[in-house]
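Here is a friendly walk through one protein model, meant to be read with the structure open beside you. Take a look first, and then we can go through it part by part.

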Amino acid sequence: MAQVLAAEGVTFLSAFPLQNLIESSAKIGIRPVICRQERTGVNIADGYARVTNGAGLGVFTMQYGPGAENAFSGVAQAYADSVPMLHLAGGSPSGRQGVAPTFDPVRAYRSVTKWAAQIRTAGDVPAMMRRALGQLRNGRRGPVLLEMVHDAMGQDYPGDSVDYTPVRGHRSAAAGEDVRELIAALLAARNPIVVAGQGVLYGEASAELVAFAELAQIPVMTTLAGKSAFPENHAFALGTGGLTRTLMVSRFLAEADLIVGIGTSFTINTFTTPMPAGTPLAQVTNCGEDIGKDYPVALGAVGDAALVLEQMSEEYRRQDGPKVRGDGNGAAARVAAVSAEYAAQWEPHSTTDEVPISPYRVIRELQQAFDVANTIITHDSGYPRDQLVPMWKSEAPRGYLGWGKSTQLGYGLGLAIGAKLAAPEKSVVNLMGEAAFGMSGLDVETAVRSEIPIVTVVLNNGVMTKYDSHMPAASERYGSNRLGGNYAAIGAALGAHAERVSDPGELAAALRRAQAANRDGRPALVEVMSKVEPQVAT
């Protein structure tokens with residue numbers, strides 16, 4: 001198995017002992033990154049897979065029984081966000097398979113994986129890995145599980161060498177008539193917009209999307225998972241629509257007479273902006289079963305995002321689109337006007353000197369401290385996500401790791417570690433709250449021990465924001481919404497550069513010191529004593 005992983009270009013293995021694959025991999029130069037809990041280990045492989053677009057293989061492995069049980073929630077999160085990572089689960093000995101209460105990974109994980117299967121003999125390893133990687137790299141993205149039955153993996157491999165060829169992904173374009181109908185509808189619309197999803201990122205189609213938007217003079221919004229697929233400093237950028245969204249998203253969705261989804265499933269979910277009732281939808285996806293899944297779809301095209309966008313540009317020119325649409329009904333000027341209105345509305349929140357510190361001031365300081373085009377930022381669940389999503393302007397693909405169809409607290413830290421492993425030349429930042437830190441904060445030590453220099457910003461406002469409205473009696477009588485702790489002290493005790501900031505005027509200097517620590521190879525934790533800020537952009 002280790003030789004197959006090496007043939008696939010695997011350079012590190014996210015893991016939690018006991019798992020014999022760790023030692024076998026280390027012997028041939030595959031670095032083990034040992035996490036503090038299985039869920040974070042899965043999240044590390046997840047972040048790596050996202051940033052490498054699945055070309056780099058994100059792998060997590062752990063022992064059978066409790067290890068496989070504990071990793072389940074991390075794989076469920078990866079499944080919700082269609083992440084192509086490989087989960088190599090330890091399996092019980094063959095004599096215990098199917099015997100209660102033995103945990104059965106294949107059966108248990110089938111609901112949260114694209115494909116799940118079992119390796120029953122050592123000789124099956126190459127064939128089963130080919131099947132697993134074929135599932136990861138073709139069609140719908142999602143995690144794949146291979147259960148390594150304990151005694152099977154202890155057998156001698158039959159033969160002197162492993163017969164294995166790395167697996168390639170394959171792409172296809174859409175049917176020409178589907179593209180023609182879509183472009184004809186686009187040319188007939190006065191106020192069309194594009195909704196770009198994560199499929200644009202996995203298809204590495206951002207350049208093709210920019211080219212089409214400029215050709216067709218059409219505004220572009222992104223989904224939460226698709227954030228960073230289109231540069232948000234572009235003249236046609238509307239920003240991101242999730243549970244929270246920019247004013248541009250709200251305004252242009254309301255006015256649209258055709259919505260063209262590219263690389264999106266149009267899934268109805270708490271953390272996705274709903275499509276307006278009655279507005280015609282067109283959908284471009286490599287998963288035909290997603291067309292019309294949650295909304296009626298008038299026009300569909302099945303194919304790879306980059307290839308279909310090239311087809312759309314070619315067809316747009318063939319139908320004389322530049323002449324028909326001209327300046328796209330003044331789209332760029334309309335985007336600029338609404339963007340200015342939105343910026344003026346939120347500027348006071350971003351520049352306020354109030355104490356405790358506004359989270360919007362924190363976001364502004366982060367944008368000024370880091371080179372956005374060379375930074376990867378992610379967030380944790382709840383208000384860190386809700387406040388960051390509409391305010392941070394992504395400039396490069398995968399410069400933002402957005403997520404939310406499942407919304408587990410503590411996810412962002414593992415994502416950030418995996419992202420840094422995938423792109424060591426970039427700055428990597430994770431924004432989290434106190435509840436999220438409680439779920440995964442000890443894995444700051446994983447980053448320290450493994451010399452993975454990321455920046456973690458913890459917003460400490462002393463409560464779970466707005467939970468007093470969900471449980472008013474419990475909050476008033478028993479303080480059930482309250483949290484406490486000195487997270488900078490914990491970070492320092494775990495070996496990170498760590499400091500606590502209470503004055504907004506000190507934020508910039510604290511972030512510079514965090515960056516300096518990163519340049520020296522040390523992870524950094526900046527705890528910000530922040531305001532309870534329930535205001536979000538909707």
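## Around Gln283

Contact here means heavy atoms within 4.5 Å. By that rule, and leaving aside neighbours within four places in sequence, Gln283 is in contact with Gly261, Thr264, Ser265, Phe266, Asp290, Ile291, Gly292, Val297, Leu299, Gly300 and Ala301. Gln283 sits in strand 11, residues 281-285; helices (H or I, at least four residues) and strands (E, at least two) are DSSP runs, numbered from the N terminus.

Is Gln283 buried or exposed? Its relative accessible area is 1%, so Gln283 is buried (buried means under 20% relative accessible area, exposed over 50%, partly exposed in between, with a 1.4 Å probe and protein chains only). A polar atom of the Gln283 side chain lies 3.1 Å from the backbone oxygen of Thr264. Phe266 is 17 residues away from Gln283 along the chain, and their C-alpha atoms are separated by 8.3 Å.

## How the model was read

This is a predicted model, in which local features need pLDDT of at least 70 and side-chain atom pairs count only at pLDDT 80 or more, while totals for chains, interfaces and linings use all residues. Residues are numbered from 1 along each chain as its sequence is written, and side-chain values use heavy atoms, with hydrogens and water left out.

## Salt bridges

A salt bridge is a side-chain nitrogen of Lys or Arg within 4 Å of a carboxyl oxygen of Asp or Glu. The count by this rule is 21 salt bridges. One of them joins the side chains of Arg137 and Glu8, at 2.7 Å from N to O. Because Arg137 lies in helix 7 (residues 125-137) and Glu8 in the loop between helix 1 (2-7) and strand 1 (12-16), this pair ties together parts that are 129 residues apart in sequence. Both Arg137 and Glu8 are buried.

Arg171 and Asp304 also meet through their side chains in a salt bridge, 3.0 Å from N to O. Arg171 is in the loop between helix 8 (150-153) and helix 9 (176-188), and Asp304 in the loop between strand 12 (299-302) and helix 13 (305-318), so the pair ties together parts that are 133 residues apart in sequence. Arg171 is exposed, at 54% relative accessible area, whereas Asp304 is buried, at 10%.

Within helix 13, Arg318 and Glu315 are three residues apart, about one turn of the helix. Their salt bridge has its closest N and O atoms 2.7 Å apart. Arg318 counts as exposed at 56% relative accessibility, and Glu315 as buried at 9%. Elsewhere, a network of salt bridges links Arg36, Glu445 and Arg449.

## Helix 5

Helix 5 covers residues 72-80, and its buried residues include Gly74, Val75, Ala76, Gln77, Ala78 and Ala80. Among the elements that cover the buried residues of helix 5 are helix 3 (38-51), strand 4, helix 6 (105-109) and helix 18 (411-422). After helix 5 comes Ser82, with a positive phi near 55°.

Terms used:
Polar contact = N/O pair within 3.5 Å; in protein donor to acceptor, adjacent residues only side chain to side chain.
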